[in-house]
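Hi there,

Here is the structure I promised to pass on to you. My notes on it follow below.

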Amino acid sequence: MNERRRRSAAIATAMVLMVAAACASAGRPGTYTRLLITGSEIREAGYQSAYEALINHRDLIVFEGEIGFKGGNDRSTFGRETQDYYLPMLVVDGDFNLNDAVTTLRRIPADEIVTIRLYYSSMIPAKYRRPGAEGGVIEVNTR
């Protein structure tokens, strides 16, 4: 009888762990966690612009017309004092966007997007390393 209880408990524990692992790995629909988002994923989710796709990314925050990576440092912050943010540079089709990033992202229709790639400050490729990109880069490639 004791052996039967132990076996039942082991099976129950294994099932609970499998269900927990499956739930933890499943992201919320339309919420991205990856650093590369394809245009087809954006269109499948029903987003109309690059901006709509990015405001649903777990590692990004939009606050008062600014977009940033969660984390950050004291040199480039916005928002509340309790949490800092890295302000990334926006690059569209290889050109650095020196205008308002949020407005530019709103103007890029989902139908034109090939990929959106996020680079955190430690991952910025050499071609994008320049003043103003210390907080990371959001790279949008269109058709």
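The lining of the largest pocket divides into nine nonpolar, four polar and two charged residues (Ala, Val, Leu, Ile, Met, Phe, Trp, Tyr, Cys and Pro count as nonpolar, Asp, Glu, Lys and Arg as charged, and the others, Gly among them, as polar). This is a predicted model, where local features need pLDDT of at least 70 and side-chain atom pairs count only at pLDDT 80 or more, while totals for chains, interfaces and linings use all residues. Residues are numbered from 1 along each chain as its sequence is written, and side-chain values use heavy atoms, with hydrogens and water left out.

Thr104 sits in helix H4, residues 101-106 (helices are DSSP runs of H or I, at least four residues, numbered from the N terminus). A polar atom of its side chain lies 3.0 Å from the backbone oxygen of Asp100. Beyond its neighbours within four places in sequence, Thr104 is in contact with Leu90, Val92 and Asn97 (contact means heavy atoms within 4.5 Å).

Ser49 belongs to the loop between helix H2 (39-44) and helix H3 (50-55). Ser49 is buried, its relative accessible area being 7% (buried means under 20%, with a 1.4 Å probe and protein chains only). The side chain of Ser49 has a polar atom 3.2 Å from the backbone nitrogen of Glu52. Although Ser49 and Thr104 are 55 residues apart along the chain, their C-alpha atoms are separated by 10.0 Å.

Best wishes

Technical notes
Helices (H or I, at least four residues) and strands (E, at least two) are DSSP runs, numbered from the N terminus. A polar contact is a pair of N or O atoms within 3.5 Å; within protein, one must be able to donate a hydrogen and the other to accept it, and residues adjacent in sequence count only if both atoms are side-chain atoms. Buried means under 20% relative accessible area, exposed over 50%, partly exposed in between (1.4 Å probe, protein chains only).
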